[in-house]
Amino acid sequence: MRLLNDRSRAADVLALVPAAAIPLIFLHVRYQPGATVGPASVYASDVVIAAVVVAGVAAGWRFGWRPLLPVRALWICAIALLAIYAISCFWRPFEETSTHLITAAKFGEYALLAPALVLLLRTRLQLERFLWIFVLWGTAAAGWGVLQFLGVVNEFEGRRPGQLEVSFLGNVDFAATAGATLAIGLVGVALAWRSRIVPLAVVSGLIGVALAAQVLSFGGVVLMAVACLVLGLRARTLTRTRIAVIVGATVLAGAGVLALRSYDTANFLRFLGIRPAAKNASATVQTSSQRTMLVYIGFRIWLDHPALGVGFERSANRYQPYLADAKRKFPQAAYAFPSPQHEWGVQDLWVQTLADTGVAGFVLLAATFVAAFVLAWRVSRTVAGAISLGWILVAVGTWTGLGIVAGIPLDAVTWFGFGLAGVARNVG
């Protein structure tokens with residue numbers, strides 16, 4: 001009996017490690033202590049991720065590796081994806097290969113969060129503790145965003161009230177974290193999960209999504225909300241009140257996004273020719289139309305290198321042959337176009353993967369997300385499985401507005417979301 005109690009206590013202590021790591025993993029690097037080790041920058045988030053991975057190995061060594069087995073299809077796809085990212089760093093010509101390898105390694109580092117979570121969270125209580133810490137941190141992020149919006153505290157560029165906010169995460173990462181928080185709440189509503197975490201997650205999540213005001217990330221939130229309705233219908237837990245909460249929270253979040261993005265939305269409609277062009281249409285950088293232009297360049301790069309792409313992260317400086325066409329097709333301020341001073345890159349993970357690694361890399365990226373989605377769907381009758389599904393959908397939407405960037409909270413949302421599918425498969 002004493003041995004069983006010791007094992008249980010050890011498992012609970014190890015299971016607290018990923019929860020304790022959340023505040024540093026979901027924190028912008030400008031607020032973290034860091035150091036330079038050779039060509040690489042190491043931050044506190046890297047240290048705590050290493051601690052999570054070590055704790056996962058310790059849990060596997062002491063309590064067994066069996067929880068990883070039902071998720072092996074996901075691991076195979078993820079390993080293959082990370083391998084092609086690393087190998088494509090060596091595509092000729094050899095330009096800044098060490099820098100690209102560091103980015104690929106950072107992706108691999110965050111990817112280890114998924115199997116570590118599966119090995120560490122082996123009971124429902126351990127899982128709920130992890131979700132509680134995440135929601136509390138998401139609530140803190142939303143609260144800090146509100147203070148920035150009101151002009152009470154500074155953001156990255158000083159005190160700028162009344163606009164889309166970054167909290168202490170960064171704009172895109174704030175959106176992804178808030179979307180993941182909202183997913184916990186809406187899943188709880190849809191599946192009638194009786195936990196005090198649910199209302200807090202709904203309120204703080206929708207506030208964060210609205211203040212971050214990332215349109216493409218909100219698209220992932222909409223997909224997540226639809227999935228919650230489908231899961232609730234399947235589980236026969238939906239009532240009119242629950243439907244109203246899910247729809248109402250999504251609409252309120254969307255109204256906030258639209259309000260803060262109204263100027264950019266109007267410019268994008270002008271860009272599409274739906275609204276008359278403004279006199280200064282080409283004098284300022286317009287986020288949505290600039291991203292469309294960069295995606296166009298990414299597709300052109302891929303069309304000229306369809307099989308294996310131009311090499312990991314190298315699409316950022318392969319724009320020259322397509323720049324003249326882009327300027328004719330997409331009226332923009334000169335600052336918006338890529339240049340030696342502004343290597344904007346392709347701001348879309350899916351298109352950049354095509355440009356960098358060709359069809360081979362894209363297929364592996366899609367296979368990784370599909371494997372995680374299928375696993376999450378199969379266990380979506382459970383709260384953990386449904387939350388995993390929600391996080392994956394939020395990540396899919398958010399990555400559509402961001403290129404390959406390693407070492408950010410969005411990476412953690414993605415891989416934690418994948419890991420939660422494995423946790424649900426084993427915990428139930």
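**Salt bridges and a nonpolar patch**

Okay, let's start with D325, which makes a salt bridge with R300, their closest N and O atoms 3.1 Å apart. That pair ties together distant parts of the chain, 25 residues apart: D325 sits in helix α13 (residues 320-329) and R300 in helix α12 (residues 287-304). By salt bridge I mean a Lys or Arg side-chain nitrogen within 4 Å of an Asp or Glu carboxyl oxygen. Helices here are DSSP runs of H or I, at least four residues, numbered from the N terminus.

Quick caveats: this is a predicted model, local features need pLDDT of at least 70, side-chain atom pairs count only at pLDDT 80 or more, and totals for chains, interfaces and linings use all residues. Numbering runs from 1 along each chain as its sequence is written, and side-chain values use heavy atoms, with hydrogens and water left out.

D325 also forms a salt bridge with R328, closest N and O atoms 2.0 Å apart. Those two are three residues apart in α13, so about one helical turn separates them. Together, R300, D325 and R328 form a network of salt bridges.

How exposed are the arginines? R328 is exposed at 62% relative accessibility, while R300 is partly exposed at 23%. The cut-offs: buried is under 20% relative accessible area, exposed over 50%, partly exposed in between, with a 1.4 Å probe and protein chains only.

Elsewhere, E155 bridges to R160 at 3.2 Å between closest N and O atoms. E155 is buried, at 7%, and R160 is partly exposed, at 32%.

Last, V370 belongs to α14, the helix that gives the nonpolar surface patch its largest share, four residues.
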